Amino acid sequence: MTCELMERSRAGIINPIFTCQPAGAQFVSIGITDCIGIVHGGQGCVMFVRLVFSQHFKESFELASSSVHEDGAVFGACGRVEQAVDVLLMRYPHVKVVPIISTCSTEVIGDDIEGVVTKLKGGLLKEKYPGREVHLIPIHTPSFVGSMVTGYDVAMRDIVAYFAKKTEPSGKLNVMTGWVNPGDVTAIKHLLTEMDIEATVLFEIEAFDSPLMPSGNHVSHGETTIADLEGTANAVGTIALSPYEGGKAAKYLEKEFDLPTIIGPTPIGIRNTDTFLANLRKLTGKPIPESLVRERGIALDALTDLAHMFFADKKVAIYGNPDLVIGLAEFCIDLEMHPTVLLLGDDNPNYVKDPRIKALQENVDWDMEIVTNADFWELEDRIKNRGLKLDLILGHSKGRFISIDYDIPMLRVGFPTYDRAGMYRHPVVGYAGAIWLAEQMANVLFTDMEHKRVREWSLNMW
Amino acid sequence: MPYHLFKCSECIPERKEHAVIKGPGETLADALPLGYLNTIPGTISERGCAYCGAKHVIGTPMKDVIHLSHGPVGCTYDTLQTKRYISDNDNFQIKYTFATDMKEKHIVFGAEKMLKQNIVEAFKAFPHIKAMTIYQTCASALIGDDINAIAAEVMEEMPGVDIFVCNSPGFGGPSQSGGHHKINIAWINQKVGTFEPEIKSDYVINYVGEYNIQGDQVVMDDYFKRMGIQVLSTFTGNGSYNDLRGMHRAHLNVLECARSAEYICNELRKRYGTPRLDIDGFGFGPLGASLRKVALFFGIEDRAKKIIEEETARWKPELDWYAARLKGKKVCLWPGGSKLWHWAHVIHDEMQVDVVSVYTKFGHQGDMEKGISRCEEGALAIDDPNELEGLEAMDMLEPDIIFTGKRPGEVAKKIRVPYLNAHAYHNGPWKGFEGWVRFARDIYNAVYSPIHELSKLDISKDEIPTDKGFVTRRMLSDANLPEEVRDSTEMRPYSGNFDCLAGYEDREYPYMKTQPAPGAAA
């Protein structure tokens, strides 16, 4: 009975779990209001990322490309960034924030995007756009380093570091969610409201779930403002809920402005939500109100109906973003399930030091593997060739064929979840998230019992 | 000159020559936008990259192949589950895609060694697959890895396997189209003529530029087989690697998407003398004419005639039912490349819709020539459109529906214009006679969606109709139809199945004897 942490041993990837860094930076970019990022590289680096965002959210998002072609790849493409900034500013007069996001191609050719920014500030912006507020922010996200997760982390740090400005204390708390869904932001803001805490939530992406209005609103966009970002320096403290997605920004603020800072845990499940509330209380001095005691009670009531009857000893594989995967695993364990394989899609060296992973290694009493730098073959090969038996898979849509081909029930969770409707609308965090997750897992298992005719009669009088 | 400069693009005057309005009496000499030029950075163009054009459009539909991208993981992730080209081997090629996972150390020290390790590992994981395609990406191109050399080395060491290399990095050309060209030429240079296929008919074709979107190829393949024609290979939808190595043995190249695959047809003509015949699987008229043309080439027109008659009798009343209800609906035909001319005239002729605009993301001037000549007067033609121009065009034209890609489709949705996926289809296949009816049905279902109707109502300002608990599509579409059309017993809505491909794989096609050419001595 061991919990083993291992890295993928094959050189290559068979079906990737993660995409590369620029995608994470682009996810950050769309969360900021009056912001359109320019991705400096080939056009596919934007086109496909916009596609996966639109697959997941069923919405369109604005991101531009510097459209590097052969000549740029050979002779350098800084001129393409200059032109892109100009064209973008001319045609989108509301745009104030322009992250300039590098890719593998432009990192390999060594384009100096800081140099471009300096040149544009001294030239184009002064001459052609005097008086216009424009922030050009270079972000280095070579695709051959890290993953979409580190890309998010790096971009968020760079943007927060660019804007954060010490003025008057705001009394607000910084809450960094990590790469989550609109439903999660709603759930977190609900907890903050109940605690009577004013907070700057990074990023304000509830509007990604945008309405179809009679007036016609053509794109979805995040609502984090420049003032929000500037004000992060004046907060009473920071809670970063996803150490791998926002941890760097939180640490920056801690170091630079001496803000009290708590990083983690991701409030998935009852226990981690409790900890989140305790941390909120610690940083703000605000009590946990009766309303949340009641809300927690509703969640516990729902979970009690399910845990020992249906979830106990169920073997689960979980893959996706690290904070999500670890949080889900912790919650599953509280629900008496056995997370059996966890797959993290990149080679972040911090995984071995992660206290949550260490706790798993020290305490689980069943066989469990945590595979880092993983691909989907790490999961499929275990099922197909190494006798792994699973009752449930938790993960995003790119792994859907493992569930389909091996007939293993699966709950779509994380990013992207394009093969199920509206998943982005529902939270996995907070007490609301605990209810949603547990009940959806149960319903997926119930449907599978009926589909396979296994103890389906037991649901008659549950 | 009828150039149209969008208001949103006044500040980039070079865009002016990328859009035209086809005025009355104007010829192509007057109304032809520029095409296939470098993209203006920062426009939020809809274009993709040459890696996408090579791997995602043309390479990956090949079904019995390990598709390996040599680069960081993102390019591969992007091409996993973003297409609807299916295959009859349980969709191996859309389920599995491979990346060499290039990291910083490889950028610095080279990645050839790990590329080789990757190749060996991938074949080991899927021992039943004996062929591989390797795609260069921006990163591997820039560090200068010699992929061809590694592939040759592995083929020497592993005699049972065959590897194709496509060097088409993302930055290679203004759009996807650069990649189409590169993979066409690479395939004929490296692979055609290296395999001797089994010839089972006296009439042998390659079906080229067909990607089996939602089963298009299956439908077309069936027509060919019913005519006794052997489809030696399909380039590349549902196509088999070895069959495609044997392309040189066909008697005729039947070309569907000339934008993406005319290059290989032209090379096959040059190198092997195989004639090229351009066909069109969309629309009763063009499809019928296409089947007749192919049959005429082989002197088996009666076989084509039989199919056309059978299929027309079965499906025409259903097409007409939709056409009667779609008459005059305004369409923006905004696909990637060739569909702008495949569809421009025939959706007007056969579904009675009016094409008010055509655009192409990666087409060349030749595509615009064909498209503009086939669409109605007054239509707005746009090359390499961008987000703002698309919005401005929709404001100006007020279309009833848009045929375009996923992302611009979501933009259209928000201004309450329904969209159909022109690349991947909604409920395809759309080729073939039945498929064309399915397309018409998809248009009808979108245009007359009661939900779409509701989205036009502003409950804070407009009068809210309170007399209905529901509205059917027929209540909307038939309201103003003449009685004889509405109550016609000749016409009927689509009567096929949700999965119209069920049963195709069990069909049997008896060997059909050679027919002497008409007039030839017995």
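1. In chain A, strand 11 (residues 315–320) and strand 12 run parallel and are joined by 6 bridges, where two strands are taken to pair if DSSP finds at least two bridges between them. Helices (H or I, at least four residues) and strands (E, at least two) are DSSP runs, numbered from the N terminus. Within this pairing, A:G320 stands opposite A:L344 of strand 12 of chain A. This is a predicted model, in which local features need pLDDT of at least 70 and side-chain atom pairs count only at pLDDT 80 or more, while totals for chains, interfaces and linings use all residues. Residues are numbered from 1 along each chain as its sequence is written, chains are lettered from A and ligands numbered from 1 in the order in which they are written, and side-chain values use heavy atoms, with hydrogens and water left out.

2. Strand 12 of chain A, residues 338–344, is mostly covered, with 7 of its 7 residues buried; buried means under 20% relative accessible area, exposed over 50%, and partly exposed in between, for a 1.4 Å probe and protein chains only. Strand 12 of chain A also pairs in the parallel sense with strand 13 (residues 368–372) of chain A, over 3 bridges, and there A:V341 stands opposite A:E369.

3. Strand 12 of chain A takes part in two right-handed β-α-β units, one with strand 11 and helix 14 (residues 322–334) of chain A, and the other with helix 15 (residues 355–363) and strand 13 of chain A. A crossover is right-handed if, with the strands pointing away from the viewer, the path from the first strand over the helix to the second runs clockwise.

4. Strand 7 (residues 230–236) of chain B is largely enclosed by the rest of the structure, because 7 of its 7 residues are buried. Strand 6 (residues 204–210) of chain B runs parallel to strand 7 of chain B and is joined to it by 6 bridges, with B:N206 opposite B:S233. The chain passes from strand 6 through helix 9 (residues 216–226) to strand 7 of chain B in a right-handed β-α-β crossover.

5. A:A77 lies in the loop between helix 3 (70–75) and helix 4 (78–91) of chain A, and A:A77 counts as buried because its relative accessibility is 0%. Leaving aside neighbours within four places in sequence, A:A77 is in contact (heavy atoms within 4.5 Å) with A:H40, A:V68, A:G72, A:I109 and A:D111.

6. B:N118, in helix 5 (residues 112–125) of chain B, counts as buried because its relative accessibility is 4%. Beyond its neighbours within four places in sequence, the contacts of B:N118 include A:A11, A:G12 and A:I13 in chain A, as well as B:L68, B:A99 and B:T100 in chain B.

7. Helix 17 of chain B is mostly covered, since 9 of its 11 residues are buried, among them B:E387, B:E389 and B:E392. Just after helix 17 of chain B, B:E398 takes a positive phi of about 45°.
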